[in-house]
Amino acid sequence: MDNIRIIIAGPRGRMGSEAVKLVTDTQHFTLVSAVDHKFDGIMLSDLEGFHSIHNVPVYNDIEKCLQNVEADVLIDLTTPEVGMYHTKTALSYNVRPVVGTTGFTKTDLEELEGICNEKDLGCIIAPNFAIGAILMMKFSQMAAKYFNDIEIIELHHDKKLDAPSGTAVKTAEMISAVREKKQQGHPNEKETINGARGADFEGMHIHSVRLPGLIAHQQVLFGADGQSLTIRHDSYNRSSFMSGVKVAVETVMKQNKFVYGLENILD
Ligand code: NAP
């Protein structure tokens, strides 16, 4: 397999530091640079936790990075605001983005798809890189053909910035594509405390739990007369996401289109 030159944005983050490990441990990947808003003009080896990683310059801005470094792929694991800027800038330099950052809006995704089509360039945005989570979404979509009363409960660590999670939104979108439309609950139901019924996504409900100790978990509850079905996925550590990141990096080099969701590149 040809060598793939990679930039990682957000290398000190919980996901970013796992991605640094993945890239430096993979024979046909080369980490050529890192983008970190707090550091500029240093080497990654100067930063705590990366002392053994040599020859990787750090830039505080993606544009500066792309002007100085030849790369094939940008892996972005930052925040939605800066992630969108990073993704657009990478595309403008013909560098293919693999984005794990969550919280992009529908408008953001449409804009990125437009740029990819215009430039005939690959870009993969995946709200969840865990293969088990992709299966959880696919199984939920299968079940939604038979059960149209659905509650999604996503549970994450309390440092997460966006709610509901990108995975919950993606699950709701996939379910919505096959679910017979229905406004769930009693037609006259009334929240006595605001938000008690969670977020309303086309009549089904999404609940976001935030607790220290959690990583990334989701259960999808289906209810019908006299029965229920629960589909649940748990990520117990962030390395659970890395096999998906690896597949996405390899795939984005072969595809010239915009892809939203890892399920669209897995067999
Ligand atoms: P994190 O630990 O907070 O890491 C985010 C990193 O981005 C930090 O290094 C942070 O630096 C940096 N950052 C913040 N603001 C920035 C800016 N303006 N410019 C450049 N860098 C900036 O978060 P995480 O848990 O790694 O998650 C990162 C993203 O991945 C989130 O959007 C999260 O929801 C998503 N995620 C995706 C998956 C998936 O499978 N797709 C799984 C888990 C998480 P500072 O520390 O200096 O602020």
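I began with Arg12 and found an N or O atom of its side chain 2.8 Å from an oxygen atom of the ligand. I note here that the model is predicted. Next I looked up Arg14, where a backbone N or O atom lies 2.8 Å from an oxygen atom of the ligand. At Gly100 I found a polar backbone atom 3.1 Å from a nitrogen atom of the ligand. I then checked the ligand's surface: taken alone it exposes 920 Å², and the protein buries 78% of that.

I looked for the site and found the ligand in the largest pocket. I listed 20 residues around the ligand, and Arg12, Met15, Lys38, Thr102 and Phe129 come nearest. I sorted this shell into 7 nonpolar, 8 polar and 5 charged residues.

**Cis peptide bond.** I turned to the backbone and found a cis peptide bond from Ala163 to Pro164, with omega near -5 degrees. I placed Pro164 in the loop between strand 8 (149-156) and helix 6 (166-176).

**Positive phi.** I looked up Asn94, which is not a glycine and has a positive phi, near 60 degrees. I found Asn94 in the loop between helix 3 (80-92) and strand 6 (96-99). I recorded Asn94 as partly exposed because its relative accessibility is 47%, which falls between the 20% and 50% limits.

Glu202 is in the loop between strand 9 (199-201) and strand 10 (204-210). Its relative accessible area is 40%, so I recorded Glu202 as partly exposed.

Note on methods
Residues numbered from 1 in each chain as written. Predicted model: local features only at pLDDT ≥ 70, side-chain atom pairs only at ≥ 80, totals over all residues. Heavy atoms only, no water. Near = heavy atom within 4 Å. Polar contact = N/O pair within 3.5 Å; in protein donor to acceptor, adjacent residues only side chain to side chain. Areas by Shrake-Rupley, 256 points an atom, 1.4 Å probe, with all protein chains shown as cover. 1 Å grid on protein atoms, 1.4 Å probe; cavity = no way out; pocket = protein on both sides within 12 Å on 5 of 7 lines; lining within 4 Å. Sits in = over half its atoms within 2 Å of the grid points. Nonpolar A, V, L, I, M, F, W, Y, C, P; charged D, E, K, R; others polar. Helix = DSSP H or I, 4+ residues; strand = E, 2+ residues; numbered from the N terminus. Buried < 20%, exposed > 50% of the residue type's maximum accessible area, 1.4 Å probe, protein only.
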